[in-house]
Amino acid sequence: MGEEHFERVLELWDRLPDAGAVAGEPRLSVVDHAASAAARAGAFEQAVTLTHAIIDSGDEVPAETFERARSSLRWYLWESGDIRAARAAAEAVVAEDTAVPARWRANALGHLAALLLFERRADEAQPRALEARDLAIDAGAVEEQILAEGVLGWCRLLGGDIDAGLEGIERAVDAADRAEERGLQGRYPVGAALARAQLAMALEMVERFDDACRVATEGAAVAAAHGVARTFGSSLQASVSRALLQLGRLDDAAATVDASLADGAVGSGRVALLAQ
């Protein structure tokens, strides 16, 4: 497992003189890689611990590394199930106001909006998402704009404007695909897979189950290509199975669940699969 490799590297680091020169990168970069590897393996609590180590390293952390770590921490907390801590982390960054670079403030606002939406607080989520989108556009922050647009699509959908809501989430999928062509900068890779997960759930909600199955299947393939089949991909496979059940394809639904569990589904995705 990748996370075990990085754990071993970190264990040896302090024993080896000039470890940074030997490794060709600073220790913080290795810790960052270890956190990402842990997240890919579904060890989100470990990813949280490692990311806190980066954030708490003080002045030695470059500003961009620091802000990227704070962004990753929110994802890892969310995936670990600690929604309250994830929201508190987002609120803390937002409270810093202009002290945070515009791109990363938009990032925190988008996360806060998404978390509020997850907590079924759409009325509070929408203004945060609008603020995140406008700030992201001004800063040229494409990934942050995508996240905000997806949340706004859901807010419109839940507000009763189904067509506008779906169109907004579909635009987020297209934009996420384009953004991923440039790479994900080492962060937990959920971009295009996340966008498809959101669209699949929205399509389920409006009972377009054929489309939901197709989109979730595409998302699971994206997740597998990024090495997160066991974590994020398993949630998408749960969406596939739910849609298949609604379509009356019971054997296919059961086979999807069995295959994903056999592949080692973990976390919330495993729970969703077992609930079917």
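In which helix is the place of Ala 202? Select Ala 202 and you will find it in helix α11, where helices are DSSP runs of H or I of at least four residues, numbered from the N terminus. Before going further, note that this is a predicted model, in which local features need pLDDT of at least 70 and side-chain atom pairs count only at pLDDT 80 or more, while totals for chains, interfaces and linings use all residues. Residues are numbered from 1 along each chain as its sequence is written, and side-chain values use heavy atoms, with hydrogens and water left out.

**Around Ala 202**

Ala 202 is buried, with a relative accessible area of 0%; buried means under 20% relative accessible area, exposed over 50%, and partly exposed in between, with a 1.4 Å probe and protein chains only. Show Trp 154, Leu 157, Leu 166 and Ile 169 next, which Ala 202 touches when residues up to four places away in sequence are not counted, a contact being heavy atoms within 4.5 Å. Gly 165 lies 37 residues from Ala 202 along the chain, yet their C-alpha atoms are separated by 8.6 Å.

**The largest pocket**

Now select Trp 78, Leu 194, Gln 198, Met 201 and Phe 232, which of the 45 residues lining the largest pocket are the closest to its centre. A pocket here is, on a 1 Å grid over the protein atoms alone, an open set of points with protein on both sides within 12 Å along at least five of seven lines, and its lining residues have an atom within 4 Å of a point. The largest share of this lining, eight residues, comes from α9, and by class the lining has 27 nonpolar, eleven polar and seven charged residues.

**Helix α14**

Move to residues 250-262, the 13 residues of helix α14, which at 1.5 Å a residue should span 18 Å, in agreement with the 18 Å between its end C-alpha atoms; the expected span is 1.5 Å times one less than the number of residues. Colour Ala 253, Thr 256, Val 257 and Ser 260, the buried residues of α14. They cover an arc of only 95 degrees around the axis, which puts them on the same side of α14, the arc being that of the directions from the helix axis to the C-beta atoms. What covers these buried residues includes α13 and α15, whereas the face turned away from the buried side carries the exposed residues Asp 251, Asp 258 and Ala 262. Finish at Gly 264, which follows α14 and has a positive phi, near 95 degrees.

Conventions: On a 1 Å grid over the protein atoms alone, a cavity is a set of points where a 1.4 Å probe fits but cannot get out, and a pocket is an open set with protein on both sides within 12 Å along at least five of seven lines; lining residues have an atom within 4 Å of a point. Helices (H or I, at least four residues) and strands (E, at least two) are DSSP runs, numbered from the N terminus. Ala, Val, Leu, Ile, Met, Phe, Trp, Tyr, Cys and Pro count as nonpolar, Asp, Glu, Lys and Arg as charged, and the others, Gly among them, as polar.
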